[in-house]
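Please open the model in your viewer and keep the sequence panel beside it. The tour below moves from one selection to the next and says what is to be found at each stop.

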Amino acid sequence: MQATPAAVGAARSVVPFYLRAIVILVAVSMMLRLTVNNVAPIIGVIADDLGLSKTEAGLVGSLPLIVFGVFAFATPTLLRRWGSPKTIAILLVIVAVGTAVRFVPTTAALMGGTILLSIGVGMGNAVVPVAIRTFYPRRATAYMGWFSVGLNLGAALGAASTVPLMQKMGLSWNVAISVWFVVILLVLAWWLLGWGLAKRRNSPMLDPQESDSVAGLGAMFRERRLLAIAAHMGIQSAMFFAIMTWGPTWFQAAGVSPIQSGVVLSVFSLACIPGALLGPKLLELTHWRRILIGYAIIYLPAVAVMGSFGFGNSMLGWAATLVAGVCQGAHLAMSLALIAGYPDATKVAGLSALANGVGFLLASIWPVGLGALAQSTGSWSIPIISVVFMPLVTLAITFAINQQFQSEREGLARSLPHL
């Protein structure tokens with residue numbers, strides 16, 4: 001029996017469609033980290049130029065997290081009003097404008113631009129997971145892995161690019177961190193082009209489907225499991241942003257050059273990518289408890305060694321950086337999988353807002369706290385130790401909620417059509 005031409009055309013279009021979806025998803029998610037993480041490798045240079053203390057410099061790392069948290073809470077309202085496609089276009093505009101503002105080399109412009117771009121990023125952190133669950137419910141966990149890949153690629157590019165732009169191209173620090181607004185505009189144009197094509201084809205992606213099925217955010221605070229997922233997101237975010245904010249300073253204190261410290265941070269972010277694809281799978285395995293215990297056994301010492309960069313042994317430091325990156329990528333993907341796989345679709349937007357809002361507000365305390373702790377003790381030893389033991393808390397949360405989550409996810413997969 002021969003397939004009809006229509007069936008053949010549909011079969012041929014499936015792979016390109018999902019490939020295009022993944023590529024644009026990765027591109028958008030890269031923009032949610034690129035300009036947030038390109039300041040860390042030169043935070044010392046910026047602090048010296050603008051006369052900032054260590055605590056004030058830590059605020060540059062914490063400001064985005066505070067804004068992420070506050071504006072994540074607006075997600076259900078934005079989705080009810082505009083739907084995912086329009087909201088994503090608006091947030092890309094906000095990120096581009098905020099990045100451009102940082103071109104002015106003043107403390108006010110640095111802080112103001114950081115706050116503005118962080119508004120867009122905060123919206124994106126919560127909106128993109130909801131869009132994935134809404135339009136690709138059966139593949140939501142896999143697509144959240146690719147979302148994590150884009151976040152880590154953006155973080156890696158931001159961390160690795162700033163120092164070379166300054167040293168190789170002779171750009172000042174303010175130009176090096178703001179030139180990326182051109183790339184953000186290109187991604188925005190790509191998104192709008194895809195949106196225009198979807199309009200002409202009457203794509204269902206244009207329907208703000210979330211508007212009819214978004215539960216109120218207030219109800220989220222009354223469910224302990226949802227609060228546990230938010231705590232999971234907050235602690236892993238605190239750990240990640242602590243490393244991204246102060247990592248280069250730790251490495252340079254261990255004798256690593258400024259340009260190499262940016263490379264170390266980039267390697268750490270790139271190593272998160274395979275972990276991002278692996279993390280959701282770990283939660284689905286039969287012996288996931290044993291696997292996560294083994295994960296903790298290699299994760300904790302890897303972060304400790306990376307923090308001191310091998311205690312003078314660079315080969316050990318690079319190996320630890322790779323291991324810690326893979327584990328950190330898995331950590332984030334687990335948090336996102338707990339959101340995307342939540343069985344009640346009406347609560348996914350509220351859960352995403354809650355997890356990102358509460359999570360990032362918790363995480364915002366850490367960079368400033370670590371800077372103040374280092375300043376008061378005169379050493380980075382205690383801050384590094386505190387970061388090392390943070391995964392134990394998230395693993396305890398994972399053990400507490402994943403058993404029920406796993407059975408509900410399997411029931412959800414059986415109830416959904418093949419999308």
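A patch, in the sense used on this tour, is made of residues that have over 30% relative accessible area and no salt bridge, with nonpolar side chains joined within 5 Å. With that in mind, and remembering that this is a predicted model, select Leu59, Ile66, Val70, Phe71 and Leu361, which together make a nonpolar surface patch of about 340 Å². Helix α3, covering residues 54–72, supplies the largest share of this patch, namely four residues. Phe71, one of the patch residues, lies in helix α3 and counts as partly exposed because its relative accessibility is 30%.

If you display contacts between residues at least 6 apart in sequence, 84% of them join residues at least 24 apart.

Next come the aromatic rings, of which the structure holds two pairs. Select Phe68 and Phe360 for one of them: the ring centres are 5.0 Å apart and the planes stand at 75°, so this pair is edge-to-face.

Now move to Phe240 and Phe268, whose ring centres are 6.3 Å apart and whose planes meet at 25°, so that the pair is stacked. Because Phe240 lies in helix α10 (residues 224–253) and Phe268 in helix α11 (residues 258–284), the pair ties together parts that are 28 residues apart in sequence. Phe240 and Phe268 are both buried.

Stay on helix α10 and select Gln236, which lies in that helix. Is Gln236 buried or exposed? Gln236 has a relative accessible area of 2% and is therefore buried. Leaving aside neighbours within four places in sequence, the residues in contact with Gln236 are Gln328, His331, Leu332, Ser335 and Thr394, and showing their side chains together gives a view of what surrounds this glutamine.

For a further stop, go to helix α2 (residues 43–50) and select Ala47. Ala47 counts as buried because its relative accessibility is 10%, where the limit for that class is under 20%. Not counting residues up to four places away in sequence, Ala47 touches Leu52 and Ala57. The C-alpha atoms of Ala47 and Ala57 are separated by 6.1 Å, and these two alanines are ten residues apart along the chain.

Finally, colour the chain by pLDDT. The mean value is 77, and 81% of the residues reach 70 or more. Over residues 204–212 the pLDDT stays under 50, and the model has 22 contacts for this stretch beyond four places in sequence. Residues 415–419 also have pLDDT below 50, with nine contacts in the model beyond near neighbours in sequence. Where pLDDT is low, the predicted coordinates should not be read in detail.

Methods
Residues are numbered from 1 along each chain as its sequence is written. This is a predicted model: local features need pLDDT of at least 70, side-chain atom pairs count only at pLDDT 80 or more; totals for chains, interfaces and linings use all residues. Side-chain values use heavy atoms; hydrogens and water are left out. Contact means heavy atoms within 4.5 Å. Patches are made of residues with over 30% relative accessible area and no salt bridge: like charges are joined within 9 Å, nonpolar side chains (Val, Leu, Ile, Met, Phe, Trp, Tyr) within 5 Å. Accessible areas come from the Shrake-Rupley method with a 1.4 Å probe; for residues, only the protein chains shown count as cover. A salt bridge is a side-chain nitrogen of Lys or Arg within 4 Å of a carboxyl oxygen of Asp or Glu. Helices (H or I, at least four residues) and strands (E, at least two) are DSSP runs, numbered from the N terminus. Buried means under 20% relative accessible area, exposed over 50%, partly exposed in between (1.4 Å probe, protein chains only). Rings of Phe, Tyr and Trp (its six-membered ring) pair if their centres lie within 6.5 Å; planes under 30 degrees apart count as stacked, over 60 as edge-to-face and the rest as tilted. pLDDT is the predictor's confidence in each residue, from 0 to 100.
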